[in-house]
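Below is a short report on one protein model, written for a reader who has the sequence and coordinates at hand.

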Amino acid sequence: MYRKDGVDYFIVDGHIHFWDASEENTANKYGEGFIRCFYDYQRNLSPQEWVWPLEKFRKYSEQDLMHDLFETGYVDWGIFQPTYLNEFYRSGFNTTERNGQLARKFPDRLIANGSFDPREGEAGLERLRKLHAEWNLRGVKLYTAEWRGSSKGWKLSDPETQDYLALCQELGIRNIHVHKGPTIWPLNRDAFDVADIDHAASAFPGLNFVVEHSGLPRLDDFCWIATQEPNVYAGLSVVMPFIHSRPRYFGQIIGELLYWLDEDRIVFGSDYAIWSPKWLIEKFVDFQIPEDLQSEYGVLTTDAKRKILGLNHARLYDLKVPGSAQLPAAAAVAA
Amino acid sequence: MTAVTEAVDRVTAVNTALAAVLDPELDRPITELGFVSSVSVGADGSVEARLRLPTYFCAPNFAWLMVEDARRELARLSWAGECTVVLEDHFASEEINQGVGGEKSFSEAFPGLADPDRMQELRAVFLRKGHLAAQTRLGKRLLERGWTHRQLADAVLGDLPERLTVTLRRRRALLGLRADVSAPLFTDNEGRAVPAAGLERHLLMGRTAGVGIGANTEFCEGLLATRYGPAGWTEVSSRREEAS
């Protein structure tokens, strides 16, 4: 919980990791390049005092995570989004298993999401069932750009994917987080194109589709889809740290999201350990759309900030919100 | 002309040629973005340009397009001999440098890993965004000067001074759309005029596209500076020992 000027903010960090990119676990030059790329993300967009030494960044401890999120970072709930990268790291980078062990230890603080790859066919469906049985999944994180054999990526609109989404619906895995952000893999197939979200969101109205990184740099395509599909959400991971070094752009992105979507469908994520929630939350609560942009975008209200920082995620993940952090109307209903 | 001044002129010509190469995703010349780390010109007219990108994992498809475009622009210099473009510090440097140098297609350079014939389509996706964003920037200026949506919808390129439509015309030329004086000022992706009733929405989409491109550019520029030190410097050298 974060409190400022007498207002309580319930905080759900919807995008966190517990990775291992230690030298022992790094399998090849790709793994080395990947963690250095992440490290440059941290160095590029963090206040100086929040830049870690590379050694710590490669592999941080359980204590680091618990301290940065819950002791000093105001977070009430953290949601792990796995990134397997088994071809780059010997025992994977940030797997459901590694995250899940921590989540099991702190069941009232941490949620471990799973993942699936529709190219695994029947075996993959079985694997998803098992993963769900073991970790009681409430969400999955999908990387449509991952390579697999001769395939250079997949789409949520592929026929095989429909069986997986149907299984998610059946099992109650309601939250489908999809990485749609700065392009890396694959080669020429435009796997971060957001058009497939449109298809899946229409076909599965009972599922929520959280588009991580808000589709940047395809913000316009994403917003256009989100206006038409009520079950599409904008995830703010990677967007959040702009608040420090590029506040004007941050204001514009938030302004666009508020315009095309609304304050009920924008959700906070730090992308920890790339960035730490403490400073992001403090700056966000103090943030306002620059004055000269307010005629176009309006203002960011306290209620909108409360929703974005936690209440929206709480709704998606059925998390209990203390009365002091609820919006006035909701608090009245609850009372 | 002395050999030295000729060499300097040639280096300038090389940089001018490279300024025609856009980062397809960011809609800006690679020279402005700091992606050209050095250029050199040999006495025999050989040219080498070295490129670098914000991350080790920048999309290889976009990287390829930049390296290929750079080589093509250099080859247009009338005096140029062998032209080499080297992409540094990238996970696919080897494949891209050898592929472009050997005049292969992208799918030939990555056998089994890339689908043929998708590159132009990908390039077009982002050129369209750049085209749309440029229309919004222009539309905003005109509205501020008192134009109405009706007037915007009726306007053709020839109604404005050329300097205001430079970007629009360049993007249209690359997209194969009409860019003559009688072409509509505001068009959809196929070059059809946007009716007055649809103009507000059209300009809004362009605003959002522009924010997306701009934010991504800020991100990439910051990453480049993080990786290589403050951006903007370019090491320019002529191989004097060979030029003498």
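## Cavity

The second largest cavity is lined by A:Gly14, A:His15, A:Glu212, A:Gly235, A:Leu236, A:Ser237, A:Val267, A:Phe268, A:Gly269 and A:His313. Its volume is about 30 Å³, and the whole structure has two cavities of 30 Å³ or more. A cavity here is a set of points, on a 1 Å grid over the protein atoms alone, where a 1.4 Å probe fits but cannot get out; lining residues have an atom within 4 Å of a point. Grid points are joined across faces, edges and corners, and the volume is the space filled by probe spheres set on the points.

This is a predicted model, in which local features need pLDDT of at least 70 and side-chain atom pairs count only at pLDDT 80 or more, while totals for chains, interfaces and linings use all residues. Residues are numbered from 1 along each chain as its sequence is written, chains are lettered from A and ligands numbered from 1 in the order in which they are written, and side-chain values use heavy atoms, with hydrogens and water left out.

## A three-stranded sheet in chain A

Strands β3, β4 and β5 of chain A form an open sheet in the order β3-β4-β5, with parallel pairing. The edges are β3 (12–16) and β5 (110–112) of chain A, each of which pairs on one side only. Direction ignored, neighbouring strands of this sheet are turned by 20 degrees against each other on average. Strands (E, at least two residues) and helices (H or I, at least four) are DSSP runs numbered from the N terminus, and two strands pair if DSSP finds at least two bridges between them.

Three bridges join β3(A) to β4(A) (residues 77–80). Within this pairing, A:Asp13 has A:Gly78 in β4(A) as its bridge partner. Helix α13 (residues 302–316) of chain A lies across β3 and β4 of chain A, at about 80 degrees to β3(A). Axes are lines fitted to C-alpha atoms, for helices over the stretch in contact, and angles run from 0 to 180 degrees between N-to-C directions; contact means heavy atoms within 4.5 Å.

In strand β8 (residues 208–212) of chain A, five of the five residues are buried. Buried means under 20% relative accessible area, exposed over 50%, and partly exposed in between (1.4 Å probe, protein chains only). A:Asn208, A:Val210 and A:Glu212 are on one side of β8(A), A:Phe209 and A:Val211 on the other, and both faces are covered.

Strand β7 (residues 175–179) of chain A runs parallel to β8(A) and is joined to it by five bridges; A:Asn175 has A:Asn208 as its bridge partner. Three bridges join β8(A) to β9 (residues 232–235) of chain A, also parallel, and A:Phe209 is the bridge partner of A:Val232.

## Helix α8 and the cysteines

Helix α8 (residues 219–228) of chain A has as its buried residues A:Leu219, A:Asp220, A:Phe222, A:Cys223, A:Ile225 and A:Ala226. These pack against α7 (195–203), β8, β9 and α10 (247–260) of chain A, together with α6 (119–144) and α9 (196–228) of chain B.

A:Cys223 counts as buried because its relative accessible area is 1%. Its sulfur is 19 Å from the closest cysteine sulfur, in B:Cys220, so the distance is too far for a bond. There are zero disulfides over all chains, a disulfide being a pair of cysteine sulfur atoms within 2.5 Å. A:Cys168 is also buried, at 0% relative accessibility.

## Chain B

Chain B has 10 helices and six strands. Its C-alpha trace spans about 60 × 50 × 35 Å along the principal axes, and 52% of its 244 residues are buried.

B:Ser107 lies in helix α5 (residues 106–109) of chain B and is buried, with a relative accessible area of 19%. Not counting residues up to four places away in sequence, B:Ser107 touches B:Ala114, B:Asp115 and B:Pro116.

## Backbone details

A:Val238, in the loop between β9 and α9 (242–245) of chain A, has a positive phi of about 75 degrees although it is not a glycine. A:Val238 is buried, at 7% relative accessibility. B:Asp89 also has a positive phi, near 55 degrees; B:Asp89 is partly exposed, at 42%.

The peptide bond from A:Tyr272 to A:Ala273 is cis, with omega near 15 degrees. A:Ala273 lies in the loop between β10 (266–267) and α11 (277–286) of chain A.

Definitions and conventions. On a 1 Å grid over the protein atoms alone, a cavity is a set of points where a 1.4 Å probe fits but cannot get out, and a pocket is an open set with protein on both sides within 12 Å along at least five of seven lines; lining residues have an atom within 4 Å of a point.
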